[in-house]
Amino acid sequence: MYAAVRRYEGVTDPAEAARLVKEGFVPLLRQVPGFVAYYWIDAGDGVMVSTSVYQDRSGADASNARAADFVRDHLAALLPHAPRVMAGEVVAHA
């Protein structure tokens with residue numbers, strides 16, 4: 001399995017960002033082949049973190065590309081800073 005983690009700072013309206021992600025972005029991710037799970041986390045203080053899990057690297061890469069497009073098209077005003085993106089093979093899980 002592969003995972004992609006994106007950390008967004010300076011989120012201006014976490015509740016609205018969460019709504020848009022839940023209603024618009026999650027359905028897009030579920031369409032990516034190899035989808036396993038997705039989490040959108042409000043870490044407080046204007047920080048939100050997403051984690052996408054896929055069966056293979058191509059799914060994780062597709063998730064990052066879709067995230068960039070969705071943020072640009074729907075969340076740019078709420079997520080004013082580019083995210084820190086990390087991705088890699090899942091080496092342990094429960």
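Arg57 and Asp61 form a salt bridge in this predicted model, with their closest N and O atoms 3.7 Å apart. A salt bridge here is a side-chain nitrogen of Lys or Arg within 4 Å of a carboxyl oxygen of Asp or Glu. Both residues lie in helix α2 (residues 57–75), four residues apart, about one turn of the helix. Helices (H or I, at least four residues) and strands (E, at least two) are DSSP runs, numbered from the N terminus. Arg57 is exposed at 53% relative accessibility. Asp61 is partly exposed at 39%. Buried means under 20% relative accessible area, exposed over 50%, and partly exposed in between (1.4 Å probe, protein chains only).

Residues are numbered from 1 along each chain as its sequence is written. Local features need pLDDT of at least 70 and side-chain atom pairs pLDDT 80 or more, while totals for chains, interfaces and linings use all residues, and side-chain values use heavy atoms, without hydrogens and water.

The whole structure holds six salt bridges. Another one pairs Arg72 with Asp69 at 3.2 Å, N to O. These two also lie in helix α2, three residues apart. In helix α1 (residues 14–30) lie Arg19 and Glu16. Their salt bridge has a closest N to O distance of 2.6 Å.

Arg6, in strand β1 (residues 2–8), is buried and has no salt bridge. The nearest side chain of opposite charge, Asp61, is 9.0 Å away; Lys and Arg count as positive, Asp and Glu as negative, and His and the chain ends are not counted.
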